[in-house]
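I opened a new page for this one and wrote down things as I looked them up.

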Amino acid sequence: MTLLDGKATSNTIKDELTVAVAARKEAGKKIPHLAAVLVGNDGASMTYVNSKVKACERVGYKSTLITLDASTSEEQLLSEIASLNANSDIDGFIVQLPLPKHIDEQKILLAIDPAKDVDGFHPMNVGKMALNLPTFLPATPYGILELLKRYQVETSGQHVVVIGRSHIVGEPMSILLAQKRAQGNATVTLTHSRTKNLKAITLQADIIVAALGIPEFLTGDMVKQGVTIIDVGITRVEDDSKKRGYRLAGDVDFASVSPKASFITPVPGGVGPMTIAMLLKNTLQACENRD
Ligand code: NAD
């Protein structure tokens, strides 16, 4: 069993980005600048946004964190987005999801300038992604492709079972892996909460991407010998033995699945850090596009 070490791989990518930024500086070019908008004070969202800002500092990017009160209106958020669109120093920005219930997420995503949409969530960029045209790939699926690439996991001709059909992970992952591309050419089955007899399907999988958000859902009896496992899930599970009162759990029961796996991502330290690294990669791309 080989651990797909997202933490180490993301550090390698960050080192590569640091070199690229230094070279830009040397050449008198613009330093990439990422902005993040956080609405409200959800604990997990605050952690994610802070990690993204910290990662920017680590590679030498400029970063701007805009925190807005949970009571911020849709109009106020739209006006914040308009000013980020217009700000020529900002290469890319993200609006951390989920948003408070009174704000229409689709309306917000649609307002982001597609050229600055480094999360790749704007419908125009989603369309380009689906057509296999150059665009910003959503960071989590992009990170998974990169992890598979760097560990030389074969996807061509393999049966991939994706569990979960969210717009940010499962759905784009299924599209990308089925495309004619490196880390593609797979036969993909996209499963979800209405799927019948999931176990019969996962037992046929060469690669499983678990992105459903139910801790330790995928167990050893649901996978075949030699399977590759990508565990996207991150759920905070109460744990009194931890100082912070919780532990992070994946969607995969690592103890029973890992003995049968040829490759497997840990949680934490698997897909999570790769997501941040690819957001940085997209930001550099946005900056280069504007050169
Ligand atoms: P989501 O929470 O929006 O949706 C869950 C999906 O799982 C739905 O499509 C649903 O149909 C499916 N599902 C639910 N129960 C199921 C069942 N019993 N069998 C099969 N499918 C079922 O999905 P999301 O936003 O992609 O999040 C999934 C998990 O991934 C969460 O734990 C989230 O925190 C995590 N996540 C991690 C990263 C990362 O960077 N590592 C990024 C995004 C999301």
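My notes below go from the overall fold to the cysteines.

**Overall shape.** I kept in mind from the start that this is a predicted model. I went through the secondary structure and got 10 helices and 11 strands in the chain. Next I checked the radius of gyration: it comes to 19 Å, close to the 19 Å from the globule rule for 291 residues, so the chain is as compact as a globular protein of that length. I also boxed the C-alpha atoms along the principal axes, and they fill roughly 50 × 40 × 40 Å.

**Packing and surface.** I looked up burial, and 48% of the 291 residues are buried. For contacts I took those with a separation of 6 or more; residues 24 or more positions apart account for 70% of them. The chain exposes about 13400 Å², and carbon and sulfur atoms supply 53% of that area.

**Charges.** I found 31 positive and 31 negative charges in the chain. Their mean positions sit 3 Å apart.

**Cysteines.** How many disulfides does the structure hold? I got zero. Cys56 is in no disulfide, and the nearest cysteine sulfur, that of Cys287, is 12 Å away.

Buried or exposed, I then asked of Cys56? Cys56 is buried, with a relative accessible area of 1%. I looked up Cys287 as well, and Cys287 is buried with a relative accessible area of 1%.

Terms used
Residues are numbered from 1 along each chain as its sequence is written. This is a predicted model: local features need pLDDT of at least 70, side-chain atom pairs count only at pLDDT 80 or more; totals for chains, interfaces and linings use all residues. Side-chain values use heavy atoms; hydrogens and water are left out. A disulfide is a pair of cysteine sulfur atoms within 2.5 Å. Buried means under 20% relative accessible area, exposed over 50%, partly exposed in between (1.4 Å probe, protein chains only). Helices (H or I, at least four residues) and strands (E, at least two) are DSSP runs, numbered from the N terminus. The radius of gyration is taken over C-alpha atoms; the globule rule is 2.2 Å times the number of residues to the power 0.38. Contact means heavy atoms within 4.5 Å. Accessible areas come from the Shrake-Rupley method with a 1.4 Å probe; for residues, only the protein chains shown count as cover. Lys and Arg count as positive and Asp and Glu as negative; His and the chain ends are not counted. The place of a charge is taken as NZ of Lys, CZ of Arg, CG of Asp or CD of Glu.
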